[in-house]
Amino acid sequence: MTETEPLATGPDVLAPPPPPREGKAVRLLVAALGAGLLFGPWAAAALGARSDAVPGENRALAERPDWHGFKTFEDITTYAADRFPLRDLAIRANKRFTTDVFGENPSYASDAGAAVGGVPSTKPQAEVAQVISGRDGWLYFFDDFRRACRPDVPLDTVLAGVRRMDALLAASGRRLVLTVPPDKSTVDPQFLPADYVDRACSVPAKAERWRALAGLDVPGYVDVRTPIEAQEKKTGVPAYLPLDTHWTQLSSTIFVQAVANRLDPALATGTSVVPLGTTKYGGDLSAIAGNPQTGTEQAFAIRRKGVTVAKTEEALNAGYVLTHVRSTASGGAAVFGPRTVLIGDSFTQRALDKFAPYFGDLVRVPELSKAILAGNLPQATDRMLEEIAGSKVVVVELVERTFAGAKDGSPFGAAFLDRLEASLARAPKR
Amino acid sequence: MSFASPVFLWYFLPLTLLAYWALPSRARNTLLSVVSLVFYAFGGLSFVFALLAVIAVNFAAGLAIDGDRMAAAPGRRKALLVATVGFDLGILAIWKYAGFATEQVHRIADVLGAGSTPVLSIALPIGISFFTFHHLSYVVDVYRHSRRAQRSPVQFIAYIAMFPQLVAGPIVRYHEIAEQLGETRRDRFGDFAAGMPRFCLGLAKKVLIADSVAPIADAVFADGVALNTPTAWLGVLAYTFQIYFDFSGYSDMAIGLARMFGFRFPENFARPYSAVSVTDFWRRWHMSLSRWFRDYLYIPLGGNRGSTVATYRNLYIVFFATGFWHGANWTFLAWGLYHGTMLAIERATGLAKVPEDRFVVPRRALTFLLAVVGWVFFRAASMEDAGRVLKAMFVPSFGGLPPEVSTVLTDYRTLVFALAALVVFIPRDFVMGKLLDDGVSKIAVSLRVAYTGIAAPYAAVVVAAGTFSPFLYFKF
């Protein structure tokens, strides 16, 4: 039995590395391959190769860092990761390999640091895919289920906020119209896999959510789920797009018409839905999954007899753009005259061309989580309050998961409503 | 800065190599010292000053311990050693263990109804466990007259902070490498050609295997996942492969990098999952740590020279320290003591003395199983979590994979998992790193070319693709 029996042994002195024993040709080959790995991107850059933007990258790439103390090293790391030569080629190659060979979306979980003390360097959190792959190539957004199971704000609190906004606007002589586009998974769950993360808790939570909305005692609430589902049942065509979180253009026309009908049923006069043939769309869910894909859909437009649309855009900053619509009618169809502010998310954004011929004086303001991403929440909040104060009608559209599950940027939160109350108190009754 | 990151692969390493090749050989240690501090700054610039301060204290202590005046005063010499060791361990204790200790005090005070006590939360300098052990190795070696004190601060910084080993080892004892620090005449082309394949092996192990099976383990160990027996085993096996390929991959990269700069580092792994006993496992797993504990703790405690009771005590002390060295959590302590107990049982039953070529298959299987069970403690976030996973493993319950797990168990990961499992079954003497470093056969040469020309470039593509960020959703 030796002194060191239970523990590893080894030489007490490590001599410098011995001279290589393999042939020079092998050394040359290995050295060339190694040099290609480390210096190849720079050689390519010297020959003119540049790293182009990669489709689906949902952030701006890092700019060249300036020296500003301790944080500079973090900035250099980010810059290096974003800007090294041939980055785009590598991303495309990786995507192609995983999709072509394995038929799977690439995983972008990257290394999180060194293996300190033997603890693995990969991230310890469970990786929950943001996109759930369903049958027949259908994709679903995990937030549909996450926010149903773990909402930031309880549903009762949200609904109390809606009632408060309705009361505040009514008391000031204004009118609230609220609409909630259902999640894709609510209307078209038929392509979901048999089991998925949060299935058990989200199904009853969503049912409870829609029961509560059906019983909502706010006169301006517009139920769009029922006509969308009726249309799907009638045509047999899914109301949503396979690769996208959003619904089809036909569903979009139904949504716009439902809102217009609530504002003034007479707006249906002189209105027609016109098919425009097939068009391509870039699936947002496929992009989130790291594998941007394009699908086709049937395009539709809403035509209103004798109406001329005038639309202008106003950017508060690069990521937060307001749209002003001033349509005019010259016989035939009428336009909705009262000044209207339309607060909505991407469902509204994608339906803006369809909304436009209905309104004589409309300003579309993106919902505030967009302002958070754009980094101008205070400015955007002030502007939203200003637009509400200047309007007779306030239309709010928020997709189900955001309406009932999100806290940041919600117009039904106490902080926003307190400011709205103060703002309306200052504005004359209209 | 991770070795498997764009900033390292395409900025730091190429620039450092170019500088190394351009400068005269005698400037090697200066260059390595400077770039190593820059490397460390990427983990937190303020920590560089802390590291330099600790280096300065140990450098001065080494000179004093080795000085003529101390030679005539052994008591003072020993006192200085104790003070320096106390300083190093104190730094480690404050940074790494103060938070854990104050949390325990807080819990006890809470249970006793003694009110709330503060819990410290201190940012941990990267690699503190490694550079502390390097410092301790240095002052003890100098004290033992095993090596003279380092007169050159540049060489000393190169030893302590050399970037290949700074954050993830291997732990290089001072007496192992002291001669190499002074030897700077190198065949730079030959060193690059020899070190690069080893680096590539490590990169491929880390990026292509460890990172691929990690999500499976993460999903199984995540909160709230309904575990059944097959799922628990799947997750624990995934972690078993993840930690081996991750840690040994880092060691391979470190050894390869050191070689590129003309250094030979000690081996850190030798097919640990082919061990035929837990004793054998510890001769193959994280060998540089094991050697360090042997030299600076186990033998000074008396090793196995004393009574049977003293030997077991020493064994438990070593594995208590091994567990806590890995992290300030009861789970690491449990893992260390679990292994200490296994070693004690092997010693007590005589299993440790069974010749290695007897009953190889069942012994390998049993040892692998014991290692797998140990990893549950190592990976779990808490003892409660460890209990939950162990219960699922050993109290039979069946059913399909929970969706959290089936979502991440893609075909690609399943294939990688299967390939990783092969490492358990191939012959014990097939050690890839050794073959790459020393082999001259056609197989060895082919593997060098394959790792450098195929596996590492693919790993680099994966690293590069990891910078793509499709997740911040702007459309909503």
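The model is a predicted one, in which local features need pLDDT of at least 70 and side-chain atom pairs count only at pLDDT 80 or more, while totals for chains, interfaces and linings use all residues. Residues are numbered from 1 along each chain as its sequence is written, chains are lettered from A, and side-chain values use heavy atoms, with hydrogens and water left out.

**Salt bridges in chain A**

- With a salt bridge taken as a side-chain nitrogen of Lys or Arg within 4 Å of a carboxyl oxygen of Asp or Glu, the count over all chains comes to 43.
- Arg339(A) and Asp361(A) form one such bridge, with their closest N and O atoms 2.9 Å apart; the pair links distant parts of the chain, 22 residues apart, with Arg339(A) in the loop between strand 10 (328-329) and strand 11 (340-344) and Asp361(A) in the loop between helix 12 (352-355) and strand 12 (362-366).
- Helices (H or I, at least four residues) and strands (E, at least two) are DSSP runs, numbered from the N terminus.
- Arg339(A) is buried at a relative accessible area of 17%, and Asp361(A) is likewise buried at 17%, where buried means under 20%, exposed over 50% and partly exposed in between (1.4 Å probe, protein chains only).
- Arg211(A) and Glu208(A) meet in a salt bridge at 3.2 Å, N to O, and lie 3 residues apart in helix 7 (residues 199-214), which separates them by about one helical turn.
- In this pair Arg211(A) is exposed at 56%, whereas Glu208(A) is partly exposed at 39%.
- A network of salt bridges links Asp144(A), Asp183(A), Lys206(A), Arg209(A), Glu400(A) and Arg401(A).

**Domains of chain B**

- The assignment for chain B gives domain 1 (6-185) and domain 2 (192-276 + 356-465), with bounds that come from an automatic or database domain assignment.
- Contact, meaning heavy atoms within 4.5 Å, involves 25 residues of domain 1 of chain B and 20 residues of domain 2 of chain B.
- The area buried between these domains of chain B, that is, the accessible area (1.4 Å probe) that the two parts lose on being put together, summed over both, is about 1900 Å², of which carbon and sulfur atoms give 82%.
- On the side of domain 1 of chain B, Pro164(B), Pro170(B) and Gln180(B) lose the most area to domain 2, together 26% of what that side buries.
- Across this interface of chain B the rule finds 0 salt bridges.
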